[in-house]
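This briefing goes through a structure in short points, grouped by topic. Keep the sequence and the 3D view open while reading.

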Amino acid sequence: MEPDTNNARTVESYELIADDYARETAGSRVMAGALDRLAEAVPGGHVLEIGSGPGWDADQLEEAGVSVRRTDITQAFIDQQRARGKEVDRLDAINDDLGGPYDAVVAIHVLQHVEPDDFTAVLSKVAGALRPGGRFLVSIPIGEGTSWEEGDSGRPYYRVLRSEDDLLAELKRAGLTPAWTERSAHEDGWVCVLAQLR
Ligand SMILES: C[S@@+](CC[C@H](N)C(=O)[O-])C[C@H]1O[C@@H](n2cnc3c(N)ncnc32)[C@H](O)[C@@H]1O
């Protein structure tokens, strides 16, 4: 059966390239500074990671003393992490309950695959899954419009680009106050925001 949403079609692509993705991103540590900042903000805390992928960022957070609930929608990423002894839950950020409350939620390189209407709903679910004062670490590509990007594998990925101002406004509307923002020095065109639940 054909996937019935842009997100589902994108996930189908990830199912096929998960091993390549893990190989290409292993050891890159492009988010190292932001992850350290988060770990310092919630020492020893309990964090939900949405779209963990290969789990490299969760590894770094755990090394920093934070406990991470690793989740992803793509079964190939779940299997990959389980094969290296990690506990991973299947979680669809759009349709599933996020659980909680958590000290922080992380969604790095994930929410560009979520349609605008769903994006607003996901942010409000994130806010609802945080303890008072909890943190949300998010990174998205900056730009405008939607597109289908073709990866090296030739597979399609649906991407929504937003301006930094739009992202900050959406976060505020969800009750998440941006506390720190960084344009990535490692990835052209990406912004990372650490926000705090009011
Ligand atoms: C570019 S990868 C990023 C993986 C990892 N966070 C990283 O930075 O390397 C995008 C991730 O988003 C996940 N994803 C896409 N749609 C999702 C959804 N609806 N719910 C949860 N995860 C989703 C994919 O399975 C994939 O792991």
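**Aromatic residues**

Y14 has a relative accessibility of 15%, so Y14 counts as buried, since buried means under 20%. The model is a predicted one.

*Aromatic pairs*

- The structure contains 5 aromatic pairs.
- In one of them, the ring centres of Y14 and Y157 are 5.0 Å apart and the ring planes stand at 65°, so this pair is edge-to-face; planes over 60 degrees apart count as such.
- Y14 belongs to helix α1 (residues 6–25) and Y157 to strand β7 (residues 156–161), so the pair ties together parts that lie 143 residues apart in sequence.
- Y157 is also buried, because its relative accessibility is 7%.
- The rings of W148 and Y158 make another pair, with centres 5.5 Å apart and planes at 55°, so this one is tilted.
- W148 sits in strand β6 (residues 145–150) and Y158 in strand β7, so here the parts tied together are 10 residues apart in sequence.
- W148 has 37% relative accessibility and therefore counts as partly exposed, whereas Y158, with a relative accessible area of 5%, is buried.
- One aromatic cluster is formed by Y14, Y21, F77 and Y157.

*Helix α1 against helix α4*

- The axes of α1 and helix α4 (residues 75–83) come within 7 Å and cross at roughly 40°.
- The two helices, α1 and α4, are therefore oblique to each other.
- On the α1 side, the contact is made by Y14, E15, A18, D19, Y21 and A22; on the α4 side, Q75, A76, F77 and Q80 take part.
- Sorted by class, the residues in the contact of α1 with α4 are 6 nonpolar, 2 polar and 2 charged.

*Helix α2 against helix α3*

- Helix α2 (residues 32–41) and helix α3 (residues 56–63) have axes that come within 10 Å and cross at roughly 40°.
- α2 and α3 are therefore oblique to each other.
- The crossing in which α2 passes α3 is right-handed.
- A32, L35, D36, L38 and A39 of α2 make this contact with D57, Q60 and L61 of α3.
- The contact of α2 with α3 has 5 nonpolar, 1 polar and 2 charged residues.

*What surrounds helix α3*

- The buried residues of α3 are D57, A58, D59, Q60 and L61.
- These buried residues pack against α2, and also against the strands β1 (46–49), β2 (67–72) and β4 (102–108).

*Residue D89*

- Which strand holds D89? D89 lies in strand β3 (residues 88–90).
- D89 has 31% relative accessibility and so counts as partly exposed.
- Leaving out residues up to four places away in sequence, D89 touches R69, R70, T71, D72 and I78.
- D89 and I73 are 16 residues apart in sequence, and their C-alpha atoms are 8.5 Å apart in space.

Definitions and conventions:
Residues are numbered from 1 along each chain as its sequence is written. This is a predicted model: local features need pLDDT of at least 70, side-chain atom pairs count only at pLDDT 80 or more; totals for chains, interfaces and linings use all residues. Side-chain values use heavy atoms; hydrogens and water are left out. Axes are lines fitted to C-alpha atoms, for helices over the stretch in contact, and angles run from 0 to 180 degrees between N-to-C directions. Helices (H or I, at least four residues) and strands (E, at least two) are DSSP runs, numbered from the N terminus. Angles under 35 degrees count as roughly parallel, over 145 as roughly antiparallel, 65 to 115 as roughly perpendicular and the rest as oblique. A crossing is left-handed if the near helix is turned anticlockwise from the far one by less than a right angle, and right-handed if clockwise. Contact means heavy atoms within 4.5 Å. Ala, Val, Leu, Ile, Met, Phe, Trp, Tyr, Cys and Pro count as nonpolar, Asp, Glu, Lys and Arg as charged, and the others, Gly among them, as polar. Rings of Phe, Tyr and Trp (its six-membered ring) pair if their centres lie within 6.5 Å; planes under 30 degrees apart count as stacked, over 60 as edge-to-face and the rest as tilted. Buried means under 20% relative accessible area, exposed over 50%, partly exposed in between (1.4 Å probe, protein chains only).
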